[in-house]
Amino acid sequence: MSSNPPIVLQQAEARRLLQQVDVHQAMRNMFLDLATGEAVQPAQQLVEFPNAAGDFINYLGVLAKDGVYGVKTSPYIKKPDGALVTAWTLLMSMDSGQPLLLCDSAELTTARTAATTAVAVEALAPAQARRLAVVGSGPVARAHLHYVKGLRDWQRIAVYSPSLSDDARTQLAAQDPRVEFSATLEDAVAEADVVMLCTSSAGPVLDPRSLARPALVTSISTNAPRAHEVPPQALGEMDVYCDYRATTPGSAGEMLLAAELHGWSRDAIRGDLPELVSGKATRPDYSRPVFFRSIGLGLEDMALANALYHLQRQGQ
């Protein structure tokens with residue numbers, strides 16, 4: 001059988017094409033496909049290196065309507081000067097069995113992580129939410145602001161980062177005139193309706209129970225073992241939502257620790273994104289803090305990689 005060689009997209013080209021994609025809508029559509037059974041998302045696979053030298057995390061997925069199977073593979077390689085993390089996404093045809101696309105996933109990961117949080121904020125934040133806090137200032141934090149800034153009539157957008165660089169400050173300020181910078185975490189989250197944790201911390205950054213009033217706190221965390229941005233013991237006192245209930249509790253650090261040490265059960269999850277976008281999950285009433293946890297799905301990368309594939313094909 002003859003076949004065309006797969007398209008290979010390096011990071012710069014992926015970034016260029018991604019600007020032509022409605023990433024938020026692509027994520028929402030993908031979660032709708034999960035809700036209707038048109039997509040398949042197995043649990044992520046962790047393959048550890050011998051001698052604790054690192055690991056690969058593999059994220060698989062099937063988008064049946066689009067006729068593609070994909071895998072994103074992301075190594076975490078320990079080095080003397082810090083860990084090296086890369087990621088690539090491979091798409092294959094469910095019709096021919098041939099590879100279609102190999103894409104550097106750095107841009108995809110940043111965009112889909114932020115847009116997935118945006119889908120959650122759109123569904124879970126109170127309609128009258130006016131005060132947004134962003135904790136973090138790196139590319140992922142800036143992407144979060146990009147996708148969320150238009151979802152509510154924000155009157156205050158406070159950013160806090162203990163490692164805020166001049167470049168990050170300039171970029172964040174340019175994104176929205178409402179952005180203001182807080183000297184402390186406490187100032188940033190004061191009276192916040194939504195707090196987006198966008199850090200690479202492996203341990204707790206914020207206890208949602210400490211906020212002045214119940215708010216939506218979103219968390220993405222990092223791929224360090226059992227990483228978490230909120231205290232595990234807090235889960236039992238919050239309304240907990242996640243990106244996908246079939247996979248998130250088995251990987252999210254605070255959920256694993258809460259189950260092991262604090263008697264929390266994954267059955268307490270009130271809804272995931274497929275249930276939220278399809279109207280099957282109950283929205284929170286904000287009688288207590290609301291927590292949304294995303295670990296990232298292979299399908300998110302597949303959906304964006306598939307969009308880039310078709311854009312590149314059209315341009316050839």
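Leaving aside its neighbours within four places in sequence, which residues is Pro204 in contact with? The first view gives the answer.

This is a predicted model, in which local features need pLDDT of at least 70 and side-chain atom pairs count only at pLDDT 80 or more, while totals for chains, interfaces and linings use all residues. Residues are numbered from 1 along each chain as its sequence is written, and side-chain values use heavy atoms, with hydrogens and water left out.

**View A. Pro204 and its contacts.** Pro204 sits in the loop between β12 (194–197) and β13 (216–219). Helices (H or I, at least four residues) and strands (E, at least two) are DSSP runs, numbered from the N terminus. Beyond its neighbours within four places in sequence, Pro204 is in contact with His228, Glu229, Val230 and Pro231. Contact means heavy atoms within 4.5 Å. From C-alpha to C-alpha, Pro204 and His228 are 5.9 Å apart in space, yet 24 residues apart in sequence. Pro204 has 48% relative accessibility, so it counts as partly exposed. Buried means under 20% relative accessible area, exposed over 50%, and partly exposed in between (1.4 Å probe, protein chains only).

**View B. Strand β14 and its partners.** Strand β14 (residues 239–242) is covered on both faces. Asp239 and Tyr241 are buried on one side, Val240 and Cys242 on the other. Four bridges join β14 to strand β16 (residues 290–293), and the two run parallel. Here Tyr241 stands opposite Phe292. Two bridges join β14 to strand β15 (residues 271–272), also in parallel. Cys242 has Asp272 of β15 as its bridge partner. Two strands pair if DSSP finds at least two bridges between them.

**View C. Helices α4 and α5.** The axes of α4 (residues 139–148) and α5 (residues 166–175) come within 10 Å and cross at roughly 5 degrees. Axes are lines fitted to C-alpha atoms, for helices over the stretch in contact; angles run from 0 to 180 degrees between N-to-C directions. The two helices are therefore roughly parallel to each other, a label for angles under 35 degrees. Arg142, Leu145 and His146 in α4 meet Ala168, Gln171, Leu172 and Gln175 in α5.

**View D. The largest nonpolar core.** A nonpolar core is a set of buried Ala, Val, Leu, Ile, Met, Phe, Trp, Tyr and Cys residues joined through side-chain atoms within 4.5 Å. The largest has 65 residues. Leu132, Leu216, Leu304 and Leu308 have the most contacts inside it. Helix α3 (residues 106–124) gives the most to this core, with ten residues.

Note on methods
Angles under 35 degrees count as roughly parallel, over 145 as roughly antiparallel, 65 to 115 as roughly perpendicular and the rest as oblique.
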